[in-house]
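I opened the notebook to record, entry by entry, what I looked up in this structure. I begin with the meaning of the words I use and then go residue by residue and helix by helix.

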Amino acid sequence: MTLDTTIRQVAVLGAGNMGAGIAAQVANAGVPVLLLDLTREAAERGKQDLFKRKPAPLMNRAAADLIRTGGFDEDLGWLSEVDWIVEVVVERLPIKQALFERVERVRRPGSIVSSNTSGIRLSEITAGLPPSFAADFLITHFFNPPRYMGLLELVAGPATRPQATEALREFCTVQLGKEVVDARDTPSFIGNRIGVLAMLAGVRAALQLGLTVEQADAVAGKPIGLPGTGVFGLIDLVGLDVLADIARNMQGQLPASDPAMALLDLPPLLKTLLERGWIGRKAGGGFYRLHGPDKQRQVLDLGTLDYRPQQKVDLASARARTPVELLAGDDAGAAFARSLLGYALTYTATVAPEIAGDVLAIDTAMREGYSWRWGPFELLDQIGLAGFVQRLEVDGQPVPALLQTALASGDGRFYREESDGPQYLGFDGVYRPLPRSADTLAVADLRRTGKPVLGNASASLWDMGDGVALLEFHTKMNALDEHSVEAMQLTLDRVGQDFQALVIGSDAPHFCAGANLKRMLDAARGGDWAFLDGFIDGLQRALMGFKYAPFPVVGAPRGLALGGGCEVLLHCNALQAHAELNAGLVELRVGLLPAGGGTKEMTLRYLDAGVERGFDLLVGAVVSQSAAEARDMRVLTDRCAITMHRRRVLADAKALARRMVGAYAPAKPAVVNLPGPAGRAALEARIAAQVEAGKMTAHDAVVAGHMAAVMSGGAGGQVTEHDLLRLEREHFLELLRLPLSQARMEHMLATGKPLRN
């Protein structure tokens with residue numbers, strides 16, 4: 001009998017923080033999900049808690065409608081309807097096994113079952129359960145919070161059906177947007193096995209060297225490439241109690257010979273904090289806390305165990321730009337880095353063949369599960385393997401066999417670039433091509449195999465194949481400048497001649513953070529108004545060219561699409577957006593209004609619902625917290641689609657562009673009736689009410705007044721899109737002349753934060 005492994009409906013057993021979070025991510029993907037707990041009331045509480053938690057587990061509130069709640073006693077029979085059952089109850093083996101015995105009696109034959117355990121081994125869970133259960137069982141270890149952490153560790157057993165493994169891998173990758181990593185059935189799998197040891201090694205090094213919490217975290221953050229929280233801040237985020245539980249579990253499962261055993265017995269400092277309940281953010285404080293009515297950030301003094309105000313870190317090592325520069329330093333921070341990395345990287349190389357199938361799995365696990373900037377083997381390549389091994393030998397430390405294999409390979413690296421593409425070193429010392437899914441596409445691939453069709457310092461046009469071109473911005477944060485505008489204009493001509501469709505996107509984390517603010521401020525203060533008028537006019541013409549091009553233009557945004565970046569999206573014919581899209585017109589924060597067609601588009605898109613709603617988005621500088629919210633804001637339209645996995649966005653955008661080619665016909669520019677002075681007065685009354693309520697500053701009101709003038713259509717009556725663009729440009733330049741707007745721009749450039757003057 002062939003079993004159907006298609007996943008159409010999911011059940012989550014356990015409505016606590018993690019269980020409800022997993023259910024939310026399934027619902028975010030548009031898949032119906034059952035959320036069951038001991039009682040129906042407990043499950044419903046877990047669901048309702050999703051609306052209160054921060055960061056929000058739901059991409060929009062409507063996703064919760066896909067979550068159906070129930071109780072184990074009354075509703076466990078519902079499991080016969082679902083295709084994947086994921087258990088997320090307390091980390092106690094007898095409790096899990098008892099629940100799985102009940103599940104086995106009611107589930108559909110061939111349905112997939114998994115446990116979200118972070119430390120109990122698959123072989124322990126399946127012991128005593130029937131072969132039919134073991135054939136369908138895996139471990140799916142999500143990281144918390146499930147919506148935001150990219151890693152999912154997948155552990156299959158020797159009896160697990162390959163079809164079940166592949167179905168779950170496909171669903172979690174495509175539908176849930178996870179980086180799925182195959183882990184071996186070993187204690188704490190990959191992420192926690194290395195991550196917990198790295199945190200404990202960092203604590204030990206800081207205590208031995210007498211560093212403060214701030215000093216250790218400053219060095220461990222940006223210079224080493226660990227999360228910005230550093231070591232102690234990460235413990236606060238994870239929870240010292242969770243760290244202690246994982247360490248205790250590893251102590252019970254690892255052999256006495258494992259090099260980790262020396263660190264797993266927590267130092268007295270951590271034991272004292274556990275006794276006091278100072279376990280981190282969820283308890284109100286750990287190594288850091290926010291104190292008093294003004295929420296002053298305080299730090300734990302590691303000597304006295306009293307809190308004190310946070311101090312500025314004055315270590316040269318904290319300012320290091322690369323791991324190599326850091327390790328070459330001679331202060332206490334550099335010594336801390338050498339100790340932490342020496343232990344963590346050596347341990348990783350020692351246990352790598354035991355815990356994973358290759359170095360790719362380990363590097364991915366640490367980047368996606370622990371937010372390391374580079375994985376352990378990527379770090380070793382940066383540091384230089386020969387020098388690292390030499391330091392081990394000088395210190396009398398054993399050199400792991402994997403490092404010896406890498407040195408003997410001839411390249412002395414774990415990753416290398418060849419003419420036919422990138423390769424990685426296998427545990428057997430043989431280099432293999434980096435695997436690439438046919439469902440992903442990257443500009444790096446195009447760059448490796450060819451040259452751009454055209455380009456300049458700010459943007460390039462690439463041939464994606466199959467008649468589709470790709471426009472890539474590549475300035476800092478992909479900010480738009482006059483060269484970006486020039487490339488857009490050249491792109492319109494070239495695509496019209498040689499291609500059938502255009503995609504706009506890149507490999508960068510962010511689509512576009514807006515126009516180059518410094519370039520505009522410098523021009524304004526230099527009195528170069530001709531440049532500024534020409535820049536805005538050129539941007540408007542380019543974006544209108546996209547909107548009414550004779551070929552489909554598909555935006556492929558991920559990350560930030562703010563200000564001018566959002567305006568680019570508003571003028572695409574369709575979008576293929578990453579689910580975690582932060583899009584919005586935020587110009588009010590810098591004392592300006594959207595002048596690349598953004599004010600125009602918010603006017604046109606809200607004519608049916610009332611221009612006031614679009615106006616509120618502009619004056620509120622609202623940014624979507626997901627692509628679903630961007631759709632609610634009408635940044636995305638009915639012709640836009642959402643991709644859950646960020647590395648699939650460009651490939652999906654190309655596929656969408658190809659589908660549009662045959663039936664695509666450009667729309668005609670809009671002509672609308674706008675109320676003019678009467679409409680402006682209504683919007684200005686809205687502004688006055690916000691000022692009176694203390695929700696707008698005086699200059700907010702000035703900027704909003706200019707927005708009202710544009711959105712009401714100037715003199716009113718029959719208004720074309722070009723009329724609205726002219727109004728945008730005029731009011732933008734007026735605002736740019738104001739000292740208070742220039743002060744906002746300068747403050748944003750200096751601090752990254754808005755000035756409310």
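I call a residue buried when its relative accessible area is under 20%, exposed when it is over 50%, and partly exposed in between, using a 1.4 Å probe and protein chains only. This is a predicted model, in which local features need pLDDT of at least 70 and side-chain atom pairs count only at pLDDT 80 or more, while totals for chains, interfaces and linings use all residues. Residues are numbered from 1 along each chain as its sequence is written, and side-chain values use heavy atoms, with hydrogens and water left out.

**Entry on L446.** I looked up L446 and found it in helix α20 (residues 443-449), where helices (H or I, at least four residues) and strands (E, at least two) are DSSP runs numbered from the N terminus. L446 has a relative accessible area of 13%, so I noted it as buried. Leaving aside residues up to four places away in sequence, L446 touches W462, D463, M464 and L470, where contact means heavy atoms within 4.5 Å.

**Entry on S317.** I found S317 in the loop between β11 (307-309) and α14 (323-327). Is S317 buried or exposed? With a relative accessible area of 5%, S317 is buried. Its side chain makes a polar contact of 3.0 Å with the side chain of D331; such a contact is a pair of N or O atoms within 3.5 Å, and within protein one must be able to donate a hydrogen and the other to accept it, while residues adjacent in sequence count only if both atoms are side-chain atoms.

**Entry on α32.** I checked the span of helix α32 (residues 739-751): its 13 residues should span 18 Å at 1.5 Å a residue, and its end C-alpha atoms are 18 Å apart, which agrees. The expected span is 1.5 Å times one less than the number of residues. I noted that S741, Q742, R744, M745 and M748 are buried in α32. They cover an arc of only 155° around the axis, so they lie on the same side of α32; the arc is that of the directions from the helix axis to the C-beta atoms. The face turned away from the buried side carries the exposed residues P739 and A750. The buried residues of α32 pack against α22 (517-525), α30 (698-711) and α31 (721-736).

**Entry on α22.** I then followed α22 to helix α23 (residues 529-547), and recorded that R519, M520, A523 and A524 in α22 meet W529, F531, L532 and F535 in α23.
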